Amino acid sequence: MKQKYIQLLRTTWGNIFTEEITPVANELYLTLESGALSKLPEICSVLVKALKAHFVMLLANDERELHGKFFIYYVFSMTADNLFLILRVPVDAREREVPSITASLDSATWFEREVQDWFGIVPFPNIGKLAVHPDWPEDVYPMVKEFDLKRSVRRVKGSFDFKHVAGEGVFEIPVGPVHAGVIEPGHFRFSVAGEPIVNLDVQLFYAHKGTEKIAEGMNPHRAVFLAERISGDSSFSHAVAFCHAIERTQQIEIPQRALVIRTALLELERISNHIGDIGGVLLDVGFSIAASRAFYLKEKFMHLNEILTGSRLLRGMAAIGGVRRHIEDTLAKREAMQETLKDGQEAFEELVDLLMSSSTVLDRLESTGVLAHKDAYRLGIIGIAGRASGIDRDLRRDHPHCAYPYLKFHSVLCNEGDVFARVNVRIDEVRESFRLLEQLRRQHVDEPIKATLQSPAPDRCALGYFEGWRGEIVHWVMIGKDGNIFRWKITDPSFHNWRGLKLAVRHNIVPDFPVINKSFNLSYSGNDR
Amino acid sequence: MIEFASTFIVSAIQILLMLLATPLVCGIIRKTKARLQNRRGATIFQPYLDLSKLMRKEVIIPSTSSWIFRITPYVVLASMLLIALLVPTIFAPVPFHWMGDIITIIYLFAAARFFLALGGLDAGSAFGGLGSSREMSIASIVEPAMMLAVFTTAVTAGSTDLSIIVNRLSTTQASIIHPSHVLAFAGLFIVTIAETGRLPVDNPGTHLELTMIHEAMILEYSGRYLAFLELASQMKLLIFLSLLANMFAPVGMAIDTAPLSLIVGVAAFILKVAILAIVVALVETANAKLRLFRVPELLMVAFVLSLLALILYSIIGS
């Protein structure tokens with residue numbers, strides 16, 4: 001199958017690709033010749049348009065100590081063949097320039113800007129800062145290997161450069177970075193003409209923790225805990241995605257029972273977050289009676305998480321090679337699981353009835369914050385927000401692992417792209433999650449839940465991925481010569497979807513922003529890392 | 001001289017009662033909403049504690065603001081206290097009825113609103129301006145609806161003097177259930193919801209600055225200024241509830257200062273207002289917040305109801 005793509009690419013552009021050998025079955029690494037750099041935008045464009053590839057992410061890697069060069073990896077997903085095609089593009093260590101692919105692939109914009117801010121590799125044409133704030137000095141790039149974490153960086157003078165909209169009656173409303181309520185930090189700058197929003201600019205990266213940098217040189221087993229803290233609401237999904245990447249580099253076979261437990265916990269994470277989001281949307285439109293029901297129900301599932309794993313956020317469960325503990329090893333746990341699922345399902349249907357029978361709620365949700373399919377496609381919107389705008393992509397189905405290959409479920413799809421569609425996708429996904437959990441119900445506590453691990457093989461890299469509740473989480477890990485992490489790239493779905501939010505709020509009125517924002521419910525922490 | 005003394009006593013009782021009952025009404029609404037949401041909720045006396053806490057807190061004044069910002073809380077609270085003297089509560093002859101009628105009340109509300117909107121703008125923050133502009137655009141539709149509702153009862157009583165309206169209604173039993181009154185009551189109830197910033201028009205419990213109306217205007221206020229404004233807005237609610245209760249059902253109101261009729265008056269007043277407060281809480285719980293641009297449609301309903309009431313009265317007659 002890999003040969004098919006190599007042949008296809010070579011017939012068009014000649015022999016400018018070298019295949020890198022990897023033990024990972026569904027990853028194809030092709031290194032581009034330095035001389036053919038100018039063809040990169042064209043190649044990417046053909047991949048996406050003619051071969052129906054989905055742009056997953058791009059990442060830079062400082063491989064100067066290994067090959068004397070930087071490399072940029074362009075990751076594409078070939079859904080039809082369950083294959084990831086990864087273009088590996090060399091970047092000269094001194095010039096540090098690479099052609100931008102955003103002319104044909106808008107969804108790569110933020111990725112290119114991040115590479116520029118963190119590695120100093122300039123995609124031309126050049127665009128402004130994204131991942132560092134204006135008070136960060138020009139020539140300091142935190143992700144290059146010589147940047148010492150302990151070094152303190154002297155801040156310079158600088159101010160945010162927002163897009164200004166001029167015209168009679170156009171005002172700017174600054175909101176944040178500190179918000180009312182328990183919300184993560186982010187600065188929003190609205191340009192409004194009366195109530196309608198003309199433009200929204202978002203300044204993020206207040207919650208940057210340098211996770212990728214801290215992890216360099218770290219033992220992968222320790223980094224699992226770091227992965228759990230990338231975005232609190234997706235603790236387990238991120239941890240599983242990371243473990244998945246490490247397991248793929250080492251070709252570790254996971255025991256069947258561990259896969260089942262992982263699947264169950266991932267679906268539980270999805271259920272509690274989706275219900276919480278539905279409650280959040282209801283609260284933002286002031287329908288507090290249904291909102292409090294939703295929060296009560298979410299709490300039930302968080303409580304179940306605690307009974308099963310000892311952690312409301314499912315932390316401390318993921319481990320490389322499997323999971324740490326059984327989740328249904330005692331009668332009390334099994335009963336709690338059974339009861340919560342049964343009662344929860346009923347209560348959830350009641351909640352949905354309440355929501356659907358309130359005309360004022362429907363009036364607020366329908367046609368609010370529309371993200372059209374063509375915009376969603378252009379920006380590479382994924383996950384629930386994507387599926388609400390007709391982007392039919394679900395990693396559980398398209399690149400399945402865990403127990404998903406053996407399970408029956410639908411991937412939910414809506415086409416309207418409004419707040420109501422995003423709520424509806426969540427509602428149906430919760431129902432699907434209940435179905436999935438039904439299928440998983442059987443207890444075999446004597447089976448192993450963790451593979452026996454060898455000492456890690458060095459110099460390997462692989463993707464790890466999972467469709468978290470918000471959307472696809474993709475990690476890429478390279479193990480260095482010492483068996484520790486050489487480079488870890490984390491992509492949270494929020495990083496794709498923030499641009500979708502910016503577009504969806506346009507032409508809506510200011511008081512509708514909170515509910516549109518909530519319907520996306522993007523992670524700041526996961527975006528900023 | 002005796003006349004003067006009794007007026008003084010009566011008005012003193014009235015203003016004290018209004019001041020004391022104000023936070024309680026707010027507390028009842030919050031408690032009812034909490035119970036309906038399966039929450040335990042704070043005690044119904046929590047608003048008293050909140051106000052006393054705010055009175056002790058430091059006042060922070062934005063450096064960009066002018067004297068308008070500082071006098072606004074006093075103007076707003078003073079307007080509400082004045083109105084509190086003009087509305088019928090426990091006494092059928094309203095203490096200061098010779099001083100002002102319904103029209104005075106409407107203008108006093110307008111004055112308070114005008115200063116509140118100025119105060120919101122004066123702080124120079126984006127949210128204040130947002131709140132002020134929303135408040136004024138809603139006010140331009142609320143006021144006609146309110147006038148029409150109130151005038152319907154004035155026309156039936158033949159006077160805009162609240163004492164006369166209340167007296168007429170309490171003496172002629174039949175007019176209590178006059179169909180036009182039912183419509184006018186419904187109209188005024190919607191106006192009450194809009195004027196006092198309750199759901200589905202404005203969400204008094206929200207933390208989302210971008211959706212606020214009344215709360216956005218007072219966002220920059222703190223300490224005792226905020227306490228004054230909170231008290232004023234709570235009192236506004238009580239004033240509206242008193243108007244609703246006593247203009248349409250003046251049962252049990254005291255006609256003299258005899259202890260028994262006073263006790264009956266106070267009890268009847270508290271009961272009526274408490275019932276109305278619970279109804280407000282029910283309406284708030286059963287409805288989601290309307291989209292801002294739908295609010296005029298709701299207020300048009302209030303306007304049409306009041307108009308129908310007026311037409312009905314002129315057709316059926318008393």
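Predicted model: local features only at pLDDT ≥ 70, side-chain atom pairs only at ≥ 80, totals over all residues.
At what angle do the axes of helix α10 and helix α15 of chain A cross, and within what distance do they come?

## Helix packing in chain A

Two packed helices are described by the angle between their axes and the distance between the axes. For helix α10 (residues 331-356) and helix α15 (residues 419-440) of chain A, the axes cross at roughly 160° and come within 11 Å. Because angles over 145 degrees count as roughly antiparallel, α10(A) is classed as roughly antiparallel to α15(A). The crossing of α15(A) by α10(A) is left-handed.

On the α10(A) side, the contact is formed by Leu341(A), Gln345(A), Phe348(A) and Val352(A). The residues contributed by α15(A) are Ile427(A), Val430(A), Phe434(A) and Leu437(A). By class, this contact comprises seven nonpolar residues and one polar residue, with no charged residue.

Asp418(A) is located in the loop between α14 (395-398) and α15 of chain A. Is Asp418(A) buried or exposed? Asp418(A) counts as buried, because 22 C-beta neighbours lie inside 10 Å and the threshold for burial is 20 or more.

Apart from its neighbours within four places in sequence, Asp418(A) is in contact with Glu366(A), Ser367(A), Thr368(A), Gly369(A) and Val370(A). A further pairing concerns Leu371(A): its C-alpha atom is separated from that of Asp418(A) by 6.4 Å, although the two residues are 47 residues apart along the chain.

Most residues other than glycine have a negative phi, and most peptide bonds are trans. Ser367(A), one of the contacts of Asp418(A), has a positive phi of about 60° although it is not a glycine. Ser367(A) lies in the loop between α11 and α12 (373-379) of chain A. With 14 other C-beta atoms within 10 Å, Ser367(A) is partly exposed.

His507(A), also a residue other than glycine, has a positive phi near 70°. His507(A) is situated in the loop between α16 (493-504) and α17 of chain A. His507(A) counts as exposed, because it has 11 C-beta neighbours inside 10 Å and the limit for exposure is 12 or fewer. In chain B, the peptide bond from Leu199(B) to Pro200(B) is cis, with omega near 5°. Pro200(B) belongs to the loop between α7 (179-195) and α8 (214-217) of chain B.

## Overall form of chain B

What radius of gyration does chain B have? The value is 19 Å, which agrees with the figure near 20 Å that a compact globule of 318 residues would have. Along its principal axes, the C-alpha trace of chain B spans about 55 × 45 × 40 Å.

Of the 318 residues of chain B, 52% count as buried. Considering contacts in chain B between residues at least 6 apart in sequence, 79% join residues at least 24 apart.

## Interface between chains A and B

How many residues of each chain are in contact across the interface? The contacts involve 25 residues of chain A and 23 residues of chain B. On the side of chain A that touches chain B, at least two residues each come from β8 (170-175), α9 (288-309), α11 (359-365) and α17 (513-520). That side of chain A has 14 nonpolar, six polar and five charged residues.

Definitions and conventions
Residues numbered from 1 in each chain as written. Chains lettered and ligands numbered in written order. Axes fitted to C-alpha atoms, helices over the stretch in contact; angles between N-to-C directions. Helix = DSSP H or I, 4+ residues; strand = E, 2+ residues; numbered from the N terminus. Parallel < 35°, antiparallel > 145°, perpendicular 65-115°, else oblique. Left-handed = near helix turned anticlockwise from the far one by under 90°. Contact = placed C-beta atoms within 7 Å. Nonpolar A, V, L, I, M, F, W, Y, C, P; charged D, E, K, R; others polar. Rg over C-alpha atoms; globule rule 2.2 N^0.38 Å.
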